[in-house]
Every structure is written in structure tokens, then in C-alpha cells.
Amino acid sequence: MSYKTFNTIKRIICVAMGIIFAVSIWFGNWLAPIIAIVVAMVIMAVAMMKVKEVINDERTNHIAYKAAQFTFSIATVLLAIAGTILLAINRDNIYVTQGYIGLTLLFTTCGLMVVNRLAYTYYGHKLGGKE
Amino acid sequence: MPKITNNIRRLRFDHDEMTQEELANRVGCTRQTIIALEQGKYVPSIELAFKITLAFNVKLEDVFQYER
């Protein structure tokens with residue numbers, strides 16, 4: 001299988017997943033998306049094995065690293081700002097729901113930062129450099 | 001600013017007009033990586049650099065140059 005065919009399969013799966021998710025939300029069915037995710041993962045794994053060309057290399061890994069770093073920094077800042085605003089709205093305990101959402105966002109941000117720090121420490125030890 | 005340049009494009013043509021895809025398959029990377037290397041947009045790891053030199057059967061300094 002060529003890389004082009006693999007990309008086509010990937011796009012078809014993405015569209016199919018979107019449709020399945022939308023229909024599932026519409027009908028309130030939670031089982032269909034789970035089955036769809038598992039099936040999509042199996043199809044992707046099989047397709048990846050069939051590709052003769054190299055799909056991932058150090059450059060693609062570097063791109064993924066840069067994208068993840070950018071996404072993390074943007075997401076944490078935006079989540080923190082949104083959480084703080086929502087929490088500030090509920091200062092007088094009038095908009096309680098917004099306050100809970102704000103707290104959830106802030107705790108999610110904290111959780112992400114903790115996971116990031118733990119991963120950083122782990123890879124720091126794994127890749128050496130400690131005296 | 002220091003810059004790393006390379007002769008990959010010239011070496012490919014010197015080796016029976018080797019295609020980018022052929023070189024990519026030999027060194028185990030994507031064709032897009034070879035394109036990025038030739039355009040000077042990407043600096044390879046030491047491992048990939050050595051694989052490229054092995055593919056052309058030349059020394060490292062014959063492929064890559066470090067400009068101060």
C-alpha cells in the first residue's frame with residue numbers, strides 16, 4: 001500500500017468518525033462511538049502495517065513535538081484565563097454553574113501542568129544528563 | 001549565525017541520478033525529509049547524517065558543511 005492510499009484511508013476514517021459521533025450524540029447512544037474508536041484503531045494499525053514506505057521519521061517526530069509544545073502552552077493559558085473569568089463571575093455565588101465550570105477548567109489546567117512536569121522529569125532521567 | 005549546509009542534491013545526481021524516494025528508502029526516512037534537507041530547512045540527527053553518508057559511501061564532511 002502506498003502512502004497516498006494510507007492518507008486516503010485516514011481521511012475516510014476521520015469523516016466516518018465525525019458522522020458516527022454526530023449521529024450518536026443525536027440519538028444519545030454512547031456505545032456506538034466506543035465501538036467506532038476501537039474499529040478505527042484496528043483499521044489504522046492494519047493500514048500502517050501494510051504501508052511499504054516510511055511514515056514516521058525523526059522530522060515528523062520533531063514536527064509532532066513542536067506542535068504538542070505549542071498546543072500545550074496555548075491550551076493551558078486559555079484554560080486558565082477562561083477558568084479564572086468563570087470563577088470571577090461567580091464571586092457572589094449567583095452563577096454557581098459557571099463557577100463549577102471555572103473550577104473544573106482550572107483543575108484541568110493544573111492537572112495538565114502536573115502531568116507535563118512528571119513527563120519532563122521522567123524523560124530527563126531516561127535521557128540522562130543528571131550528575 | 002552558524003549554518004549547516006549539505007550537498008545531498010548534487011550527490012544524488014552523481015550517484016546515477018538517484019531519486020529522493022530511493023534515498024529516503026535507503027536511509028529509512030520520508031521523501032519529505034529529503035526535500036526539507038535539500039532545501040536547508042531541516043538539520044538531520046547525527047544518526048540520519050551518518051546513514052546518508054553510508055548511502056553515498058562518502059565521508060560526513062563531504063555531505064555536510066558547518067558554516068560559521
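**View 1. B:Gln65 lies in strand 2 (residues 64–67) of chain B.** Helices (H or I, at least four residues) and strands (E, at least two) are DSSP runs, numbered from the N terminus. This is a predicted model, in which local features need pLDDT of at least 70, side-chain atom pairs count only at pLDDT 80 or more, and totals for chains, interfaces and linings use all residues. Residues are numbered from 1 along each chain as its sequence is written, chains are lettered from A and ligands numbered from 1 in the order in which they are written, and side-chain values use heavy atoms, with hydrogens and water left out. B:Gln65 is partly exposed because its relative accessibility is 24%; buried means under 20% relative accessible area, exposed over 50%, and partly exposed in between (1.4 Å probe, protein chains only). Leaving aside residues up to four places away in sequence, B:Gln65 touches B:Lys3, B:Ile4, B:Thr5, B:Asn6 and B:Asn7. Contact means heavy atoms within 4.5 Å. B:Lys3 is 62 residues from B:Gln65 along the chain, with 8.2 Å between their C-alpha atoms. A polar atom of the B:Gln65 side chain lies 3.2 Å from the backbone oxygen of B:Glu61.

**View 2. B:Glu38 is found in helix 3 (residues 31–38) of chain B.** Its side chain and that of B:Gln20 are joined by a polar contact of 3.1 Å. A polar contact is a pair of N or O atoms within 3.5 Å; within protein, one must be able to donate a hydrogen and the other to accept it, and residues adjacent in sequence count only if both atoms are side-chain atoms. Not counting residues up to four places away in sequence, B:Glu38 touches B:Asn6, B:Ile8, B:Arg9, B:Arg12 and B:Gln20.

**View 3. Helix 3 (residues 58–89) of chain A crosses helix 4 (residues 96–126) of chain A at roughly 150 degrees.** Their axes come within 7 Å. Helix 3 of chain A is therefore roughly antiparallel to helix 4 of chain A. Axes are lines fitted to C-alpha atoms, for helices over the stretch in contact, and angles run from 0 to 180 degrees between N-to-C directions. Angles under 35 degrees count as roughly parallel, over 145 as roughly antiparallel, 65 to 115 as roughly perpendicular and the rest as oblique. Residues of helix 3 of chain A in the contact include A:Phe72, A:Leu79 and A:Leu87. Those of helix 4 of chain A include A:Ile101, A:Leu105 and A:Met113. By class, this contact of helix 3 with helix 4 of chain A has twelve nonpolar, eight polar and no charged residues. Ala, Val, Leu, Ile, Met, Phe, Trp, Tyr, Cys and Pro count as nonpolar, Asp, Glu, Lys and Arg as charged, and the others, Gly among them, as polar.

**View 4. A:Asn93 lies in the loop between helix 3 and helix 4 of chain A.** Its phi is positive, about 55 degrees, although A:Asn93 is not a glycine. A:Asn93 is exposed, with a relative accessible area of 59%.

**View 5. B:Glu17 sits in the loop between helix 1 (8–14) and helix 2 (20–27) of chain B.** B:Glu17 is not a glycine, yet has a positive phi of about 50 degrees. Its relative accessible area of 56% makes B:Glu17 exposed.

**View 6. A:Trp26 is found in helix 1 of chain A.** A:Trp26 is exposed, at 73% relative accessible area. C-alpha to C-alpha, A:Trp26 and A:Ile101 are 23 Å apart in space, and 75 residues apart in sequence.
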